[in-house]
Amino acid sequence: MSNELTMERKPRRLFGCTGNMWIYALGIMGINLAIGLVNSYQAEFFNKIMGANLIAIAVIILVAKVVSIVADFVIGNLIDRARFKSGKMRPWILISAFPLAVLTMMSFAFIPFPETQAGNIGKYIYIAIIMIFWNVSMTLADIPSQGMLSLVSKDPADTNNAAGIANTLKSGALAISGIFMTVVCMITGSEGVGKKEYLITAGVMCGIGLVFQLLMYFKCKEMVKSRTSSAMSFKEMFRELKHNKQILIVFVTYLLGFGRNIGLGIAVQATCILLRDGVNFSAIPVIGSIFPDTMYGDACSWAIGVTSALASTVTILLNPVINKKLGEKKYFIVAGFYGFAISLISFLLYALVPVPEGATSTDFTVRSLWAIWIFQAVFSIAYAPNGYLPMVMTADIVDYQEWKTGRRTEGAQFAILSMSNKLSNALSVSLGILLIGAIGYSSSDYAAAVQGGSEAIRAYVTDDMQVKAWAIYFLVPGLCMLASSIPMFFYKIDKKTKTEMRAELARRRLAAEQEEISSQEPSKLSDESYMQEEQPSQEPPQDKEE
C-alpha cells in the first residue's frame, strides 16, 4: 500500500491549490455572483422600480429568509438520505443551478402592476413569492456547495487552502455587481440605474454564475468518499445542534454577529446618504476620464466599498497563512476585537469632528469619500476571517463528530452552517433596510431631491441622517464582531486535536477498505473452486489395475 501511494503522481498546483480546488472555488464564486446581486440590489429594485415600500420590503425579506431556514433542514436531510452514483454533493449542485439563475433573473424583471388597490396587493404578493422561491433556490445551491469543501481533498491543509481561495473569489463575487452596474450605465448612457440596467446586469451575472456552477458539477471531484453518512430527521437535527457543542458555537457566533455584513444589504442606500452630493472624479487623472460626470446613488454604489473590497481581498489571500499561525480560535477572537475597536474610533471621528459648512462628498473631511475609504480599508481587515473560518471549522467538526460518534453527516453539519448564515443574513439585511427606512430614507424621495439640486439634497439628507446611517453601516458591524468573538473562547478543536483525530480517522478508513477487500476475496475464491470442480478433466482415464 505504501509503495502504491509513493508511486502516485502529485497533482499540479497553482498558488498552492490543485485544479480540483480551483474548480470548487470558481463554483463558489458563480453561486455568489447571484447572491451578491440580490443582497445588494433586490430591495432597491423593488423600492425604486416597482414602487414598493422599503419597510414592507424589509419584512418580506425577513419572512422569505425564515422560510429558507426551514428549507435548510429539509435539503440537508435530503442530501444525507440520497444515494447518487455521481457523488454525495455534486448532483445537488446540478439540480440547483438552473432554478437559481432563473429566479435571480426574475428578481430584476419589471412587472407593471396597475395603480389600484388590487394591483398594489398583487405587487406585494408577487414580491413575496419571488423572494421566498429565490431564497429556497439559494439554499439548494448553498448547502451542497459548502458541503463539497470537506470532500475536495484528503489533505486537511488542502481543505484550508481551498476554503481560502474560495472565500477570496466569493468576496469578489459579492462586490462585483456594483462595479458592473456602473459600467452598464456608462454603456447605455444612463445617468441612473433603470429597468434596462438592472436586467442587463442580472443577465450577465446569472450567465457567468451558471457556467461556473455547472463547471463545479462536471469537473470538481469528490476526493473523500463518505461511507458513514446517515440521514437525520428534524428532531435529530435539532438534537445535533443541541448536543454538538462545537457546531453550536458556530451557530451562536453567526447569530451574535448578524450585523457584520449589514453594509452589503444597504450599500446602495448608504451611498445615497453618506455621499449625498454624489461623486465627481473629473479632477483625478485617468479615473476622471472614465467617470467625467457626477454620479449619484445606485449608479456609484461601488465607490463606497472599493477599498473595503481591496483590503479584505488581501487579507483573505493571507487567511490560510494567518490561520496556520494563530489557529481558528485565536484568529477569530483577535479579528473580532480589532474590528470593534476600529469601528468605534471611526464612528466617533465621523460623528464628533466638525465639518466645514458647504463641504462636498469629495472634499477632505471626516465625512468625505476619502475618509470613508480610509475607514473601510482599515476596518475591512477584520471581515476576512468571517466567511473563511466558519467553513473551515465546520469541515473540522464533520471529522470531529465522525471521530467521536462514528457518524459522518456533512449534509446536516453544513445545513446548520447554512442555517446559521441565513439566519444571520436575514437579521442583517432585513434589519438594515428597516433601520434605513426608519431614519427617513426613500429612494423615490432621494431621486426627487437630486432633480432639485444640491440645496434640495441637503434639505432631505441632513447631517443627522448621515450620522445615523453611519452608525447603521459602520458601528453595528463592529459591535456584532465583538459579540460574536465571545463564544469562540469555548471552541475546542485545536491543532493537536485535529492531528490526533485525522490520524485515527485515516486508520479507520484504511481498515474499512481492507475489510471490504477481504470480504470480496472469499467470494472470489469460492467462485474459482466452483469452476475447478465443474470443469471436466483433460487427462486420459487411468487403468484401475495400474
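Mentor: Start with lysine 468. It is partly exposed, at a relative accessible area of 40%. Buried means under 20% relative accessible area, exposed over 50%, and partly exposed in between, with a 1.4 Å probe and protein chains only.

Trainee: What should I know about the model itself?

Mentor: This is a predicted model, where local features need pLDDT of at least 70, side-chain atom pairs count only at pLDDT 80 or more, and totals for chains, interfaces and linings use all residues. Residues are numbered from 1 along each chain as its sequence is written, and side-chain values use heavy atoms, with hydrogens and water left out.

Trainee: Which residue meets lysine 468 in a salt bridge?

Mentor: A salt bridge is a side-chain nitrogen of Lys or Arg within 4 Å of a carboxyl oxygen of Asp or Glu. Here the partner is aspartate 464, at 3.1 Å, N to O. Aspartate 464 is partly exposed too, with a relative accessible area of 45%. Helices are DSSP runs (H or I, at least four residues), numbered from the N terminus.

Trainee: How many salt bridges does the structure hold?

Mentor: Eight. Look at aspartate 396 next. Its side chain meets that of lysine 498 at 3.4 Å, N to O. Lysine 498 lies in helix α21 (residues 495-534) and aspartate 396 in helix α16 (residues 384-405), so the pair ties together parts 102 residues apart in sequence.

Trainee: Are lysine 498 and aspartate 396 buried or exposed?

Mentor: Both are buried. Aspartate 396 has a relative accessible area of 1%. Aspartate 396 also forms a salt bridge with arginine 502, the closest N and O atoms being 2.3 Å apart. Arginine 502 is in helix α21, so this pair links parts 106 residues apart in sequence. Arginine 502 counts as partly exposed, at 21% relative accessibility.

Trainee: Which residues are linked in a network of salt bridges?

Mentor: Glu328, Asp396, Asp399, Lys498 and Arg502.

Trainee: Now the core. Which members of the largest nonpolar core touch the most others?

Mentor: A nonpolar core is a set of buried Ala, Val, Leu, Ile, Met, Phe, Trp, Tyr and Cys residues joined through side-chain atoms within 4.5 Å. The largest has 142 residues; Tyr24, Phe46, Leu274, Ile436 and Trp470 touch the most other members. Helix α2 (residues 19-48) gives this core its largest share, 17 residues. Apart from this core lies another, of five residues, including Ala97 and Cys206.

Terms used. Helix = DSSP H or I, 4+ residues; strand = E, 2+ residues; numbered from the N terminus.
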